[in-house]
Amino acid sequence: MADLSVKVAGVDFKNPVIPASGVFGYGREYEEFYPLSKLGGIATKGTTGQLRTGNLSPRIAETPMGMLNSVGLQNPGIDKFIETELPNLMTKDTVIIANIAGSTPEECAEVAAKLDNTDVHMIELNISCPNVKQGGAAFGVSCEGASAVTSLVRKSTKKPLIVKLSPNVTDIASIAKAVEAEGADAVSLINTLLGMRIDIKTRRPVLRNNCGGMSGPAIFPVAVRMVWQVANAVNIPVIGMGGISSGRDAIEMMMAGASAVQVGAAIITNPFAPINIIDEMNEFLDENKIKSVSEIIGTVQPW
Amino acid sequence: MKYTQGKYILLKKQTLAKQIYDFTILCPDIAQVACEGQFIHVLPQGFSLRRPISICEINKEQGTLRIVFDAKGDGTKALADIPQGGAIDVVGPLGHGFTLSEKENKVVIVGGGIGVPPLLPLAQHYGENATVILGFRSADAVILKKDFEATGAKVIVCTDDGSADVHGLVTGPLSDELSGASAVLSCGPIPMLKAIAKLSEENGVPCQVSLEERMGCGVGACLVCACKVQKEGQEKFGHVCKDGPVFDSKEVIW
């Protein structure tokens, strides 16, 4: 058995596999399949300052080798999360990453400040949601927007701060550098790619929200490319995600420069995906006589 | 561990009508804990999303589950291609099913089209105390009539075009059968469920409806299969996979 442990922004993970925010709720449902302690960590469902009811259905559509979703950040709000979900999660012997979001930089900062007084291990800031103060454009699509929200959140918490980057940008490496300069301890990428499907019989978009975020194996090569570009541009650790569905994918993502990986859509396809990925990574490392998974991080040898 | 995922053997496969497939799956661990009105989440090979299919029969002794589904899309067509004896990837049992009472109670069970299969276990529970009203497009779409008759229940079949049995909608016979009923249990297309719920509520009979929505994880984590419900006077999103598929009709905001 190879050593699967990794360290990201000073936090020890027993293995590098983390269910991504949004697919895993607060872990309660998946505990009915396997003990959560098998996981490297858990990124919890995105939490905002107040309760959000989310979008109308349908919120999901299938795409070739993937899916689109538009849940709309449905969550009970930060106070309820801290009161009813976080204490339970903190007993699960795995790294707990609270994913947070807001409509304004101030809302994000307020949520982060509330988490600062809890035992949560890390905070992951979602900058792909619309900034109502900037006409609805996502914080994460410009260096200025990403810097502003990161700066404010950084000032409101001492917890290790991961900024989760949007792939719907021209140059993701420049956004990564911008958030690094504002004190982010790590970046995670990629969030979903904006997409759309239309029912050609009704001429209506399949999603009630018209557009949604695309995920699944179809986006994996895009994610590998962006992780590689970002890992080459920053000095902080990168958590890679986007279409990972096997141990080989996870290994590939780490060779591109990721220190850990998150798994999202694959869990919808198979609830055991993170567990299978951990097993398959172990097999690959053993077969290739690699003692520790951290040895492979960023070892791609570009032409 | 409440949920199981695995590849199970498709013991028996047959067609009941055009595109309507009838599978018996050997999955003892799931069958052992499955309840009436729950569903299994089945993965067609090569697809990213599972298909929720309601359970049509639970045989705990033989460890089997029966599902009946309409192969109308690419995913369900891929499922229909699985050969008898082949493997089928199942997560289950999932969802909140029907709430049953003592079998001595008189109930009315109402189904429409591909909403009919999950009602069979209810007829098996209530037997001759159940009146079953089944609606179909036409005679060639009628499924499971004999299975329902074998339970001892009174079975009324309606067809939209009158090509078999009663000509008309299920709500016709339903209004005659409501008196003295302790509950109405139903599954089918939304306009039909809405009409059944209205009629039941007007007659003071509690009504349970099984809903459908495009689904993701199937276990209540990803929150995609949202439907509007009211609880304690508050309007909110419930989730078909975990809070349902079966809801009290008074909770549903149609």
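**View 1. Domain 1 (4-94) and domain 2 (107-209), as given by the domain assignment of chain B.** The model shown here and in the views that follow is a predicted one. The centres of domain 1 of chain B and domain 2 of chain B, taken over C-alpha atoms, are separated by 23 Å. Where the two meet, 14 residues of domain 1 of chain B are in contact with eleven residues of domain 2 of chain B. On the side of domain 1 of chain B that touches domain 2 of chain B, at least two residues each are supplied by β1 (4-17), β4 (51-59) and β5 (64-70) of chain B, and β4(B) gives the most, with five residues. By class, this side of domain 1 of chain B comprises eight nonpolar, two polar and four charged residues.

**View 2. Chain B as a whole, with its six helices and 15 strands.** The radius of gyration of chain B is 17 Å, close to the 18 Å that the globule rule gives for 254 residues, so chain B is as compact as a globular protein of that length. Taken along the principal axes, the box filled by the C-alpha atoms of chain B is roughly 45 × 45 × 35 Å, and 53% of the 254 residues of chain B count as buried. Among contacts in chain B with a separation of 6 or more, 62% are between residues 24 or more positions apart.

**View 3. Strand β5 (64-70) of chain B and the strands that pair with it, β2(B) and β4(B).** Six of the seven residues of β5(B) are buried, so this strand is largely enclosed by the rest of the structure. Strand β2 (residues 20-26) of chain B pairs with β5(B) in the antiparallel sense over seven bridges, and within β5(B) it is Arg66(B) that stands opposite Thr24(B). β4(B) and β5(B) also run antiparallel, joined by four bridges, with Ile67(B) in β5(B) as the bridge partner of Ile55(B). Four residues lie between β4(B) and β5(B) in the hairpin that these strands form, and Gly63(B), in the turn, has a positive phi of about 70 degrees. In a regular strand, the side chains alternate between the two faces of the sheet.

**View 4. The contact between chain B and chain A, with 24 residues from chain B and 29 residues from chain A.** On the side of chain B that touches chain A, the elements that give two or more residues are β13 (226-231) and β14 (234-239) of chain B. The residues on this side of chain B divide into 16 nonpolar, four polar and four charged.

**View 5. The largest nonpolar core, which has 185 residues.** Within this core, Val187(A), Val227(A), Val261(A) and Ile40(B) touch the most other members. Helix α5 (residues 220-233) of chain A contributes the largest share of the core, eight residues. Domain 1 (4-94) and domain 2 (107-209) of chain B both give residues to this core, so it lies between them.

**View 6. The surroundings of Val187(A).** When residues up to four places away in sequence are not counted, Val187(A) touches Ile162(A), Val163(A), Leu165(A), Ala176(A) and Val179(A), and it also touches Val230(A), Val234(A), Ile236(A) and Val238(A).

Conventions:
Residues numbered from 1 in each chain as written. Chains lettered and ligands numbered in written order. Predicted model: local features only at pLDDT ≥ 70, side-chain atom pairs only at ≥ 80, totals over all residues. Rg over C-alpha atoms; globule rule 2.2 N^0.38 Å. Buried ≥ 20, exposed ≤ 12 C-beta atoms within 10 Å, placed from the backbone. Contact = placed C-beta atoms within 7 Å. Nonpolar A, V, L, I, M, F, W, Y, C, P; charged D, E, K, R; others polar. Domains from an automatic or database assignment. Core = buried A, V, L, I, M, F, W, Y, C linked by C-beta atoms within 7 Å. Pairing = 2+ DSSP bridges.
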